[in-house]
Amino acid sequence: MNRIENAFKNKPIFMPYFPLGYPDLDISIDVIEALAKNGADLIEVGLSFSDPLADGPVIQHATQIALEKGITVKKSLEAVKELRRRGIDIPLVLMGYYNPMLAYGLERFVCDAVDAGVDGFIIPDLPMEESEEFESILNGGRVDGSELPPSYRDYPLIQMLAPTTPNDRMEMIARNAKGFVYLVSVTGVTGERKSISEGLGELINRVREHTSVPVCVGFGIGTPEQAKQVGMLADGVIVGSACVKTIGGSANPVEAAKQFAAEFRNKLR
């Protein structure tokens with residue numbers, strides 16, 4: 001059983017997002033370690049990009065600072081490797097945009113990510129219809145037509161669905177989903193909302209009609225109470241902007257991360 005499958009044995013799971021390099025690289029590694037050791041079941045590890053179209057102002061600001069401090073894809077993968085050296089054994093899923101991966105080289109990126117200890121990938125600006133090349137590498141196909149060793153295969157590209165996704169497209173994406181489905185609970189960019197969107201339970205049920213993989217909800221979840229509400233409906237709760245804002249705005253980010261993870265874990269359990 002891989003790490004992602006194992007994480008979902010006790011649902012709902014808590015899935016914070018935090019970008020590497022914010023407020024600097026060393027602190028971000030310590031923060032992610034603290035999240036992992038104090039309640040996170042899976043962490044979305046952010047790769048910074050200069051044009052994060054799906055992200056709201058909190059995450060845009062954080063990733064911009066990370067870029068100004070010199071974060072790169074290579075440094076990010078080394079940071080994941082460091083987290084594994086520290087004994088972090090929960091799933092670490094890379095969340096980032098396609099352009100830096102292309103610039104790095106897709107085959108090299110996937111292999112280096114797997115070697116570092118990554119368990120999966122989320123790419124908000126790579127729609128399913130354009131993901132064939134990336135999926136091919138994840139399934140073991142090299143660019144030159146040969147095959148990668150078995151140890152580099154079967155890592156999931158996590159697909160995203162939204163309330164605006166047409167039914168036929170939702171069915172197609174959900175039916176082919178691997179790892180888990182990332183269900184965007186609201187229209188628009190990331191960021192905290194005052195309340196959980198109406199109709200979320202119905203939306204989750206629509207997705208579950210077409211897949212057996214876990215359905216996890218993100219965008220707009222800002223408090224432990226909201227996480228508890230969503231956790232009663234979904235298999236996992238994704239918290240991004242609130243996590244970045246709370247931890248990044250603290251005088252002691254690592255302690256803030258410990259407290260943040262513990263509060264959300266306690267509410268969900």
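The following points concern the fold, the surface and selected residues of a predicted model.

1. Overall fold. The chain is built from 12 helices and nine strands. Its radius of gyration is 17 Å, close to the 18 Å that the globule rule gives for 269 residues, so the chain is as compact as a globular protein of that length. Taken along the principal axes, the box filled by the C-alpha atoms is roughly 50 × 45 × 35 Å.

2. Burial and contacts. Of the 269 residues in the chain, 56% are buried. When contacts between residues at least 6 apart in sequence are considered, 73% of them join residues at least 24 apart.

3. Surface and charge. The chain carries 27 positive and 36 negative side chains. The centres of these two sets of charges lie 5 Å apart.

4. A stacked aromatic pair. A search of the whole structure returns 11 aromatic pairs. One of them is formed by phenylalanine 14 and phenylalanine 264, whose ring centres are 5.3 Å apart. The planes of these two rings meet at 10°, below the 30 degrees under which a pair counts as stacked, so the pair is assigned to that class. Phenylalanine 14 belongs to strand 1 (residues 13-19) and phenylalanine 264 to helix 12 (residues 253-268).

5. Tyrosine 104 has a relative accessible area of 13% and is buried. Phenylalanine 109 is likewise buried, at 0% relative accessibility. Ring pairs join Tyr104 and Phe109 with Tyr98, Phe121 and Phe134 in a cluster.

6. Valine 186. This residue lies in the loop between strand 7 (181-184) and helix 9 (200-208). Is valine 186 buried or exposed? Its relative accessibility is 15%, under the 20% cut-off, so valine 186 counts as buried. Aspartate 235 is 49 residues from valine 186 along the chain, and the C-alpha atoms of the two residues are separated by 17 Å.

Technical notes
Residues numbered from 1 in each chain as written. Predicted model: local features only at pLDDT ≥ 70, side-chain atom pairs only at ≥ 80, totals over all residues. Heavy atoms only, no water. Helix = DSSP H or I, 4+ residues; strand = E, 2+ residues; numbered from the N terminus. Rg over C-alpha atoms; globule rule 2.2 N^0.38 Å. Buried < 20%, exposed > 50% of the residue type's maximum accessible area, 1.4 Å probe, protein only. Contact = heavy atoms within 4.5 Å. Lys, Arg positive; Asp, Glu negative; His and termini not counted. Charge placed at Lys NZ, Arg CZ, Asp CG, Glu CD. Phe/Tyr/Trp six-rings, centres within 6.5 Å; stacked < 30°, edge-to-face > 60°.
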